[in-house]
Amino acid sequence: MTGNIGELFLALILVGISIGISYYKKINLEKDLLIGTIRSFVQLIAIGYALELVFNLNKLWLILLVILIMVLVGGQTAGSRSKGSLKEFSISTFSIGIGAFFTLGLLLILGIITTDPKYVIPLAGMTIGNSMNASALALERIHSEMKNKKDQIEQALSLGVTSTQAVEGSFKATVKAAMIPTLNLMKVVGLVQLPGAMTGMILAGASPLEAVKLQIIVVYMLICAVSITAVITARLSQNTYFTKYHQMIVS
Amino acid sequence: MLKLELKKVTRKRVVKNGNTFKDMKVLKGINLSIEPEEIYTILGPSGSGKSTLLRLINRLEEASSGSILLDGIDIRELEVLNLRQRVSLVFQVPVMFEGDVKNNLLFGLKIKNESETVELEKCLELVGLESNFLKRDSAELSSGEKQRVSLARTLIHNPEVLLLDEPTSALDPTATLQIEKLIKDLNHVLKLTVVFVTHNLSQALRLGHRCAIIVNGEKIEEGKAEVVLKNPENLLIQKFIKGELVKEEN
């Protein structure tokens with residue numbers, strides 16, 4: 001596998017098989033599969049050129065801009081999975097941004113990584129991607145907690161506790177739910193699945209031992225970013241369900 | 001103990017009607033004056049705004065207009081968390097917090113680190129439960145026991161007013177009478193002002209004192225329960241008593 005254009009077209013046979021299955025079984029996904037194939041192709045080619053440019057220029061402001069765009073797209077995606085309001089977009093973007101910048105910043109300060117875009121950007125991508133999922137899960141969970149536990153929360157409020165105290169149980173459940181995918185990844189990493197970073201390095205010719213070392217750092221980085229994102233999303237989102245007089249807004 | 005006054009209190013809510021939203025008046029200019037240490041019953045059919053009234057007094061909701069006064073002070077001028085402990089609300093269906101009864105009683109206090117000073121057994125005794133209930137899993141209690149625990153966890157704050165939102169509606173006749181007796185005792189022993197919401201006429205008569213009848217968000221009658229309920233002049237009350245008050249009228 002060299003990634004030349006001929007191989008890319010040959011790989012389209014795999015998509016053809018998928019479209020064939022959909023057509024044969026009348027699943028009616030042919031159009032979606034075709035659009036998805038074209039979209040992913042265009043997106044990845046564009047990103048490939050953009051990253052080539054960023055890597056060659058090697059400017060800090062450009063790296064930060066790329067990460068910022070990733071955070072905004074991640075925030076928009078996570079926010080739209082729930083109610084899709086501007087408030088949720090802001091909460092997700094802020095939470096993902098803090099999680100990503102804090103984690104990457106710490107890795108830089110500790111000297112584990114350098115500002116070389118070849119390291120920073122892929123690591124930022126993984127951090128933001130996982131944080132995005134955590135934020136989306138947290139938004140969904142907190143909403144269902146507020147809706148389903150409205151009576152319990154109001155009875156707690158009526159006893160004179162603050163809204164933060166009244167939803168403490170829901171807050172913990174939300175953070176746990178948001179972190180489950182990353183915790184599961186930690187449990188099975190290397191046993192059930194070979195994660196992206198490790199797979200990429202092995203495919204690029206690195207020794208498995210080298211790949212594993214990087215993957216360990218990636219897993220620790222993800223758990224840090226995800227926990228920060230989950231906590232901030234849950235707390236900020238929970239606050240939107242109450243007035244300043246600790247009255248519940250959910251109808 | 002506290003005097004509770006409601007002056008021209010209204011509450012509007014936005015309700016969805018098909019694809020449009022409209023303002024619905026849940027309470028329409030309610031005036032009430034509840035004396036200290038009184039058991040004041042609020043009667044009315046379902047959906048008449050009785051529960052909303054209690055939620056406004058506990059400030060779980062905000063009145064759209066008018067004012068609610070506690071000993072002459074507008075409740076909006078009081079610190080809301082402190083108000084909720086002074087004017088406690090007991091719900092129609094009590095929801096227990098996770099854990100045992102002790103955990104439930106301490107809920108409002110534990111997170112404020114005041115738990116050491118509270119006499120839990122005394123609170124349980126006030127609601128007619130033995131001290132061995134403290135270790136019982138709250139999820140396994142009967143409806144009547146849950147309602148008693150719910151009462152006890154409000155009494156821990158030494159409230160001055162007790163707001164009761166149909167606290168016996170899910171109970172059998174025996175448990176209902178027991179809770180009624182308990183409320184009377186608490187009113188007598190602790191000198192509590194009690195506002196008791198119900199749609200049960202005989203309950204209002206048993207609890208005595210004064211009552212108000214609310215229909216469709218409006219107070220249509222007020223006075224001594226025996227007088228208001230036994231010889232009503234108002235046609236709506238007559239229909240309510242006979243159980244003939246249909247939805248279009250209320």
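Chain B holds an open sheet of six strands, and reading across it the order is β6-β7-β8-β3-β9-β10, with mixed pairing. Two strands count as paired if DSSP finds at least two bridges between them; strands (E, at least two residues) and helices (H or I, at least four residues) are DSSP runs numbered from the N terminus. Keep in mind that this is a predicted model, where local features need pLDDT of at least 70, side-chain atom pairs count only at pLDDT 80 or more, and totals for chains, interfaces and linings use all residues. Residues are numbered from 1 along each chain as its sequence is written, with chains lettered from A and ligands numbered from 1 in the order in which they are written.

**The sheet in chain B**
- At the edges sit β6 (87–90) and β10 (218–224) of chain B, each pairing on one side only.
- From one strand to the next, the twist averages 15 degrees.
- β3 (residues 39–43) and β9 (residues 210–215) of chain B run parallel and share three bridges.
- Across from B:Thr41 you'll find B:Cys211 in β9(B).
- Helix α6 (residues 173–189) of chain B packs on the sheet and touches β3, β7 (161–165) and β8 (193–198) of chain B. Its direction makes about 160 degrees with that of β8(B), using lines fitted to C-alpha atoms (for helices, over the stretch in contact) and N-to-C angles from 0 to 180 degrees.

**Where the chains meet**
- The contact takes 16 residues from chain A and 20 residues from chain B; residues are in contact if their C-beta atoms, placed from the backbone, lie within 7 Å.
- On the chain B side, α2 (80–86), α3 (101–110) and α5 (143–155) each give two or more residues.

**A helix in chain A**
- Helix α4 (residues 86–109) of chain A has 24 residues and reaches 33 Å from first C-alpha to last, close to the 34 Å expected (1.5 Å times one less than its number of residues).
- After α4(A) comes A:Gly111, with a positive phi near 75 degrees.

**Domains of chain A**
- Chain A splits into domain 1 (1–57) and domain 2 (59–239), with bounds from an automatic or database domain assignment.
- Their C-alpha centres lie 27 Å apart.
- Four residues of domain 1 are in contact with seven of domain 2.

Note on methods
Contact = placed C-beta atoms within 7 Å.
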